[in-house]
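Here is a short briefing on one protein structure. Look at the sequence and the model first, then read the points below.

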Amino acid sequence: QEGGIADNLCTNVDPSIEVIADREYLQRAIGSVLRNAVRSGGSKGPIRIFAERQTRDDAQSTVRLRVEDSGPGLPEGDFDTHPAAVPPEARPSTGDGIGLGLAIVRNCIEACGGSVVCTNLRPSGLAVDIQLRAA
């Protein structure tokens, strides 16, 4: 459909990149991050997804998956305590509340041996960086 989410999705992910992770946890985490990006910023601009392989100082390879939206971002200081990656003003008014939150995303990724970092973008938007061990 014209004007749909596919029109606002920009990806740059090499299909040969693989990570060490529990498939179910990883799917749950990435699905939640993408749903939140669509809810909070999908109509305001593109959602960008990219992944890159990185080598740490100890020569171990990691993969950084980054999802950026064009929404309002999170209130400063809420990155560790905010229960959801969708700010209150962007949450649907119907339904059962906040849905899968950033805390669940973080738990899923940490269970895979990875980490999650959120950063507000300027002038608007949220970037969610997921770091995992490369396969």
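The protein exposes about 7600 Å² of surface, and carbon and sulfur atoms supply 49% of that area. The model is a predicted one. Buried residues account for 41% of the 135 residues in the protein.

**Overall layout**
- The secondary structure consists of two helices and five strands.
- Along the sequence these elements follow the pattern β-α-β-β-α-β-β.
- Among contacts between residues at least 6 apart in sequence, 59% join residues at least 24 apart.

- In soluble globular proteins, nonpolar side chains tend to be buried together.
- The largest nonpolar core here has 24 residues, and those with the most contacts inside it are Val 105, Ile 109, Val 116, Val 128 and Ile 130.
- Two or more residues of this core come from each of α1 (23-41), β2 (47-55), β3 (61-68), α2, β4 (115-120) and β5 (126-133).

**Largest pocket**
- The largest pocket has a volume of about 230 Å³.
- Its lining is made of 14 residues, and Val 13, Leu 26, Ile 30, Ala 51 and Leu 65 lie nearest the centre.
- The elements α1, β2, β3 and β5 each give two or more residues to this lining.
- By type, the pocket lining has 13 nonpolar residues, no polar ones and one charged residue.

**Largest cavity**
- Rolling a probe the size of a water molecule over the atoms shows where empty space is left.
- In the whole structure, a search finds one cavity of 30 Å³ or more.
- The largest cavity holds about 50 Å³ of space.
- This cavity is lined by 10 residues, of which Val 33, Ala 37, Asp 69, Leu 126 and Val 128 are the closest to its centre.
- At least two lining residues come from each of α1, β3 and β5, and α1 gives the largest share, with four residues.
- The cavity lining divides into six nonpolar, two polar and two charged residues.

- Is Glu 68 buried or exposed? Glu 68 counts as buried because its relative accessibility is 13%, and buried means under 20%.
- Glu 68 lies in strand β3.
- Leaving aside neighbours within four places in sequence, Glu 68 is in contact with Pro 46, Ile 47, Arg 48, Phe 50, Leu 121, Leu 126 and Ala 127.
- Between Glu 68 and Leu 126 there are 5.6 Å from C-alpha to C-alpha, although the two are 58 residues apart in sequence.
- Glu 110 sits in helix α2 (residues 102-111).
- The C-alpha atoms of Glu 110 and Leu 132 are separated by 9.0 Å, and the two residues are 22 residues apart along the chain.

**A cis peptide bond**
- Most peptide bonds are trans.
- The bond from Arg 122 to Pro 123 is cis, with omega near 10°.
- Pro 123 is located in the loop between β4 and β5.

Technical notes:
Residues numbered from 1 in each chain as written. Predicted model: local features only at pLDDT ≥ 70, side-chain atom pairs only at ≥ 80, totals over all residues. Heavy atoms only, no water. Buried < 20%, exposed > 50% of the residue type's maximum accessible area, 1.4 Å probe, protein only. Contact = heavy atoms within 4.5 Å. Areas by Shrake-Rupley, 256 points an atom, 1.4 Å probe, with all protein chains shown as cover. Core = buried A, V, L, I, M, F, W, Y, C linked by side-chain atoms within 4.5 Å. 1 Å grid on protein atoms, 1.4 Å probe; cavity = no way out; pocket = protein on both sides within 12 Å on 5 of 7 lines; lining within 4 Å. Points joined across faces, edges and corners; volume = space filled by probe spheres on them. Nonpolar A, V, L, I, M, F, W, Y, C, P; charged D, E, K, R; others polar.
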